[in-house]
Amino acid sequence: MADIPEHLLRRAAQARAKARGVSVDEVLVEFGAAPSEGNGESAAPAATVATAVSSAPSALAIPEGVRTQRLLTVVKARAIQQVKKEPTDKVHVWPHLLGMEFVALLVVTALLTVFSVFQDAPLLEFANPNDQPNPSKAPWYFLGLQELLSYFDAQVAGVLIPGLGLAGLASIPYVDRNRSTLPSDRKFAIMVFTFFVMASAILTMIGSFYRGPGLNFSYPWRDGIFFDL
């Protein structure tokens with residue numbers, strides 16, 4: 001059993017005596033220690049204190065091998081540690097995006113240069129109103145609109161349908177507000193974009209390869225291809 005210092009034993013006796021309204025000497029007698037003499041200062045010999053310690057209540061006894069410590073305060077970890085910003089699913093424009101775009105620009109430029117070496121693109125003769133080519137087709141990037149003109153009125157094919165298409169593409173970010181970058185989570189946006197792209201590609205292919213003299217339907221494997229770059 002650990003020894004309790006005399007001043008601690010007396011302090012405990014004083015606290016209990018104050019709580020019970022009795023004298024300190026009575027409490028010391030209960031503890032088994034000798035009452036104080038004079039003005040209350042300790043005069044008990046060390047042997048007496050040791051005896052009192054051995055018979056003190058279990059509440060005042062400290063088990064052997066146990067070290068008591070004083071808790072000063074509790075400080076949160078964020079107050080003393082440098083907490084870095086949590087990583088997010090974002091990358092910088094430079095170099096991640098601009099680097100890839102620059103490489104793609106170089107590749108496309110090289111392919112166009114090689115293609116222009118082997119493919120001639122001569123200018124045609126001056127237009128003659130009395131000698132129109134048959135069929136007279138627009139450049140390939142306008143063949144989709146030209147194909148629409150064969151089905152609808154000029155106001156519908158040239159203004160209304162292209163305007164609705166562009167407005168639909170521009171409205172995708174406002175309708176689909178999902179911030180996910182996974183294709184499985186952006187089904188609506190992918191469906192709308194795919195619809196417009198495929199519709200434009202199909203009309204362009206029909207106007208390029210399936211329109212012959214007089215802009216009538218023709219089969220390229222039977223009538224040939226009436227298409228110039």
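Guide: Contact here means heavy atoms within 4.5 Å. Helices are DSSP runs of H or I with at least four residues, numbered from the N terminus. The model is predicted: local features need pLDDT of at least 70, side-chain atom pairs count only at pLDDT 80 or more, and totals for chains, interfaces and linings use all residues. Residues are numbered from 1 along each chain as its sequence is written, and side-chain values use heavy atoms, with hydrogens and water left out.

The helix is α7, residues 154–175. At its start, a side-chain oxygen of Asp 153 comes to within 3.0 Å of the backbone nitrogen of Gln 155. The expected span of a helix is 1.5 Å times one less than its number of residues. The 22 residues of α7 should therefore span 32 Å, and the 30 Å between its end C-alpha atoms agrees with that. α7 does bend, by about 25° at Leu 169; the bend is the angle between axes fitted to the seven residues ending there and the seven starting there.

Buried means under 20% relative accessible area with a 1.4 Å probe, protein chains only. In α7 the buried residues are Ala 157, Gly 165, Gly 168 and Ile 172. Their cover includes α6 (143–149) and α8 (187–209).

Thr 204 counts as buried because its relative accessibility is 18%. Apart from neighbours within four places in sequence, Thr 204 contacts Trp 140, Leu 143 and Gly 144.

Conventions:
Helices (H or I, at least four residues) and strands (E, at least two) are DSSP runs, numbered from the N terminus. Buried means under 20% relative accessible area, exposed over 50%, partly exposed in between (1.4 Å probe, protein chains only). A polar contact is a pair of N or O atoms within 3.5 Å; within protein, one must be able to donate a hydrogen and the other to accept it, and residues adjacent in sequence count only if both atoms are side-chain atoms.
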